[in-house]
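Here are my notes on the model you sent. Please read them with the structure open.

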2 protein chains.
Amino acid sequence: MRLDIFPIETVPEVRSGDDLAGFIAEAAAREGNPLLDGDVVVVTQKVISKAENMLVAIDPDDPLSHKPLVEQESVRILRRRGELIVSETKHGFVCANAGIDLSNIDRGYAALLPEDSDRSARRIRDGIKFRLGVNVAVIVSDTFGRPWRRGLTDVAIGVAGIEAVVDLRGTEDAKGRVLQVTEVCVADELAAAAEMVMGKASGVAAAVVRGVNPAWLGEGSVRDQVIRHPSEDLFR
Amino acid sequence: MRLDIFPIETVPEVRSGDDLAGFIAEAAAREGNPLLDGDVVVVTQKVISKAENMLVAIDPDDPLSHKPLVEQESVRILRRRGELIVSETKHGFVCANAGIDLSNIDRGYAALLPEDSDRSARRIRDGIKFRLGVNVAVIVSDTFGRPWRRGLTDVAIGVAGIEAVVDLRGTEDAKGRVLQVTEVCVADELAAAAEMVMGKASGVAAAVVRGVNPAWLGEGSVRDQVIRHPSEDLFR
């Protein structure tokens, strides 16, 4: 397996109701990298929130004006320190500030997470299939912190056309020993890999990972496969 | 930026004292992908633990015989559930079973984490430089779980020749807004990306990520840049 990862750099500024699937398909073709069957298209949460009208007006002169939104989007506050809130969102994610952020959007607005990011991924996958007749997988990515380790990484908040977690339990390692716990979250690994070609400051909306194992393609879901139920979680 | 990620598949079985840098350099050349300046070579913890003689004999018929090792390698137990122990290791990592595992090694042995994985990475980097005159970055990867999300992902436990965390604070986003918190843990993203071409069951020891941003190259350290001090950690 050999992966080729490249950004889609010419997606135009996205507004509510825009055909994001069309924008992505056209930009990739324009850049000389038309989408192919089996490609994984990683799309940032930010452009999806814009296309799905998840922007909310806030007071641009009050640096804390998005904080009531954080409470509104949360079902459980896990930790507070200063201005930082770590909470469980209504979607089931545990992250800082309920995933709300202000970067790469117009001043005076905050972007909420999409209502259902698996559905958002499915819409883009379907839109690309409809336009091009090409079967791609789609991952919606966002940037999360984590406990114990400094620095942020991109993770998957929605997928379509690919398993989010690949279960290798029961397969054998190179010594013929049966592997015990080896559920790999390939969706998060794909989101992380794509982040490196998109960067934070440049506003690139999407990237392609080409060459993934075809066995991973399928009807996955971040909600069903990745979100750990509080009852099986040791840190909630 | 465009990334090309491929495995190094023909590293021979590694034993204590082996010249792992030489094995990797030779295998890459043999496979038609000689290492180049600026390549990031991701090496699994397992082969480093073998080369550094971190294998410990255990009773092969007792599935719990490695548990005393877990306690010995830990400085603080965070959670226990059944056979699972989540602890802070003496190296500063928070992970399951102190990073000890039994896969892809001979029956009757358990592999401990390297004593100092930044140093292990540096040795391999220096060894490749010495043999080939080529400047690569090296990341030592291991497979960790995480709270709140199911599935495992590979992370970096040591680096050399590359910043583990890239600080984008103070740079501007595409709207000219100054980004506030955007320290990206590129070391973990590189480890995750490489995992996808190595797989768990196949025993592949290393992979190359070619095409990374040259601005990331530098004198990084997982210990200094990634490990979050308990005093600034909200979940310990």
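This is a predicted model: local features need pLDDT of at least 70, side-chain atom pairs count only at pLDDT 80 or more; totals for chains, interfaces and linings use all residues.

1. **Helix α5 in chain A.** I start with a covered helix. In α5(A), 13 of the 13 residues are buried. The helix takes in residues 186-198 of chain A. The length checks out: at 1.5 Å a residue, 13 residues should span 18 Å, and the end C-alpha atoms are 18 Å apart, which agrees. Just after α5(A), Gly199(A) takes a positive phi of about 70 degrees.

2. Chain A has a mean pLDDT of 93, and 96% of its residues reach 70 or more. For the complex, the predictor gives an ipTM of 0.95 and a pTM of 0.96.

3. **Helix α5 in chain B.** α5(B) covers residues 186-198 of chain B.

4. **One residue inside α5(A).** Take Ala193(A), which is found in helix α5 of chain A. Is Ala193(A) buried or exposed? Ala193(A) is buried, because 28 other C-beta atoms lie within 10 Å and the cut-off for buried is 20 or more. Leaving out residues up to four places away in sequence, Ala193(A) touches Ile5(A) and Val209(A) in chain A, and Glu189(B), Ala192(B) and Ala193(B) in chain B. Val209(A) is 16 residues from Ala193(A) in sequence, and the two are 8.1 Å apart in space, C-alpha to C-alpha.

5. **The contact between the chains.** How many residues of chain B are in contact with chain A? The count is 54 residues of chain B, in contact with 54 residues of chain A. On the chain B side, β1 (3-8), β4 (74-81), β11 (183-184) and α5 each supply at least two residues. The largest share of that side comes from α5(B), with eight residues. By class, the side of chain B that touches chain A has 25 nonpolar, nine polar and 20 charged residues.

6. β1(A), residues 3-8, pairs with β1(B) in the antiparallel sense, over three bridges. Ile5(A) has Leu3(B) as its bridge partner in β1(B). Ile5(A) is also among the residues that Ala193(A) touches.

7. **The other partner of β1(A).** Within chain A, β1(A) runs antiparallel to β12(A), residues 206-210, and five bridges join them. The bridge partner of Pro7(A) in β12(A) is Ala207(A).

8. **Strand β2 in chain B.** β2(B), residues 40-44, is largely enclosed by the rest of the structure, because five of its five residues are buried. Which way do the residues point? Val40(B), Val42(B) and Thr44(B) point one way from β2(B), Val41(B) and Val43(B) point the other way, and all are buried.

9. **Neighbours of β2(B).** β2(B) pairs in the parallel sense with β8(B), residues 137-144, over five bridges. Here Thr44(B) has Ser141(B) as its bridge partner. β2(B) also runs antiparallel to β12(B), residues 206-210, with four bridges joining them. In that pairing, Val40(B) stands opposite Val209(B).

10. **Domains of chain A.** Chain A is divided into domain 1 (4-53 + 114-228) and domain 2 (55-112). Their centres, taken over C-alpha atoms, are separated by 23 Å. In the contact between them, 11 residues of domain 1 meet 10 residues of domain 2. On the domain 1 side, α2 (45-51) and β8 (137-144) of chain A each supply at least two residues. α2(A) gives the most to that side, with three residues. By class, the domain 1 side has three nonpolar, four polar and four charged residues.

Note on methods. Residues are numbered from 1 along each chain as its sequence is written. Chains are lettered from A and ligands numbered from 1 in the order in which they are written. The expected span of a helix is 1.5 Å times one less than its number of residues. A residue is buried if 20 or more other C-beta atoms lie within 10 Å of its own, exposed if 12 or fewer, and partly exposed in between; C-beta atoms are placed from the backbone. Domain bounds come from an automatic or database domain assignment. Two residues are in contact if their C-beta atoms, placed from the backbone, lie within 7 Å. Ala, Val, Leu, Ile, Met, Phe, Trp, Tyr, Cys and Pro count as nonpolar, Asp, Glu, Lys and Arg as charged, and the others, Gly among them, as polar. Two strands pair if DSSP finds at least two bridges between them. pLDDT is the predictor's confidence in each residue, from 0 to 100.
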